Amino acid sequence: MTNHKLNNSSLKELTAGVSVPRYNRSNVKAGIVHVGVGGFHRAHEAMYLDQLLHDESNSNWGICGVALLSFDQKIYNTLKDQDGLYTLVVKELDGTLTKRVIGSIVEYLFAPDSPKAVIEKMANPDVKIITLTITEGGYNLNEATGEFNLDNPQIIHDSKNPEDPKTIFGYLTQALKLRKEQNTGAVTILSCDNIEGNGHVTKKMLLSYVAFAEPQLLAWIESNVSFPNSMVDRITPATMPADIAELKEVSGIEDQWPVVCESFQQWVIEDDFIAGRPNLEAVGVQFVKNVAPFEKMKLGLLNAGHSVVGILGSLLGYATIDEAVTDPAVGTFLANYLDVEVTPILRDLDGMDLTAYKQTLINRFSNIYIKDQIDRICSECSAKIPKFILPTVQEQLKGDQAVSHASFVIAAWAIYSLGYNEKNEAINIKDALQEILFAQAKLAQTNPKAFLELEAVFGNLSKSDVFVDAFAKSYKDIVSFGVKKCVVELNSKSLSK
Ligand code: CS2
């Protein structure tokens, strides 16, 4: 088989077994600017739009991808080399692979090279929507106060250097200012990150920055920008060198950065697009008036479930989510956590079969072909736990309901933060707060509560005696008996209830 470097000119050479864009990409205009062109965006939004672009009447809805951080240089170089093309490899539960070249990213910009180009693009009259996957930690939210963190040195930098911003807030503010000055019209800012009320949070954070840096712009934003909430879902592990090699071997495609994901996909969006939107219903996106119950369900069950399996699995020495969740002790713990501590807080999901949703979720986690990395799941826990697990904990505590599984997982996280698993192997921790977590975890060795006193993560949780007691007991139990024994014990208690 001849190998082909993936780009516009090799597209027609790609042989059977791979579908390719069948629309004229040179006619596609970027109506969307997307910030954060990671694996998830490329498995999700870009895939939906690629499907939509096959109807040529949608050619105004291509994507301009923006790489915001210097860390993103590699994805920018790859997209540039490959004319924005990449292969999406979808792995079914039975291991069948579907390979599809995605063509919806028609332009790409690297912000550190040219902040001006990014600001101008965001202000371009053809652009009607700016979408974001900037990670749960990218919103500059102080968990202790629920407010925008004005002490962040990068935020201060942006306010002093408006033409050379470093953060998304600096970019959006300058772009909106330009839209106002040049009268290029209203725009929608759509967050696609896993945060409850992601649209509300984006609006609140952006307006806080604007009030600080460009207060005269506030009124214009209020009447010209909408911030729909959305729920996004598709498990997309990090691409491994073996994925790249396999694609080349099986299909002859030399793609420097393909994306591998599961077949499940879901996108539920609040229909609030002030400057119009593509007809995404045609490709299965659900538009609803109130997305909150869906977000709460997905974050509380799936994302929290991931963290639960990830943290316990990591201490037990597993490398992937499927390995950990198919350990019966961990699988049962997860199922009990979801049933007993999360399901009771989920409401207003008429027509949604939660039992089936949870079963599907466990099947998705167990997919041996996906091999989602525990390192990926546990990365940036300090930003994820407050969004995935703690809102449920707070609600359960308010109603005097069970928190034993959640407190156990947080205790396991305290031990995880010391940097070693139960086989005494070093854990590859990736977290913006890693050093502080380590310091608190050290203190917790003599006084477990100290871990919960990290307000930037836990807010006022250390004021709850019920939670602190449950946490301290779990902590001591894990230290004395190990995760596995404690989990088995907790599982048997749940059984006898
Ligand atoms: C994961 C998510 O990062 C995480 O911790 O839970 O990336 C998850 O795989 C996606 O939200 C699935 O939609």
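Which residues line the second largest cavity? Some notes on that and on the ligand site follow.

1. A word on the basis of this note: the model is predicted, local features need pLDDT of at least 70, side-chain atom pairs count only at pLDDT 80 or more, and totals for chains, interfaces and linings use all residues. Residues are numbered from 1 along each chain as its sequence is written, and side-chain values use heavy atoms, with hydrogens and water left out.

2. To the opening question: the second largest cavity is lined by Glu196, Lys296, Leu299, Gly300, Ile345, Lys387, Phe388, Pro391, Thr392 and Glu395. A cavity here is a set of points, on a 1 Å grid over the protein atoms alone, where a 1.4 Å probe fits but cannot get out, and lining residues have an atom within 4 Å of a point. Its volume is about 60 Å³, taken as the space filled by probe spheres set on the points, with grid points joined across faces, edges and corners. Helix 10, helix 15 and helix 16 (390–398) each supply at least two of the lining residues; helices are DSSP runs of H or I with at least four residues, strands are E runs of at least two, and both are numbered from the N terminus.

3. Now the ligand. Its shell has 13 residues, the closest being Asp233, Arg234, Lys298, Asn303 and His306; a residue is near if one of its heavy atoms lies within 4 Å. Helix 10 (292–316) and helix 15 (381–388) each supply at least two shell residues, as do strand 13 (230–233) and helix 14 (374–378). The largest share, four residues, comes from helix 10.

4. Domain 1 (4–288) and domain 2 (292–496) both give residues to this shell, so the ligand lies between them. The domain bounds come from an automatic or database domain assignment.

5. The largest cavity holds about 70 Å³ of space. Helix 9 (241–251), strand 5 (86–91) and strand 6 (97–102) each supply at least two lining residues, and helix 9 gives the most, with four. Among the residues lining this cavity are Val89, Lys91, Asp243 and Glu246.

Key. 1 Å grid on protein atoms, 1.4 Å probe; cavity = no way out; pocket = protein on both sides within 12 Å on 5 of 7 lines; lining within 4 Å.
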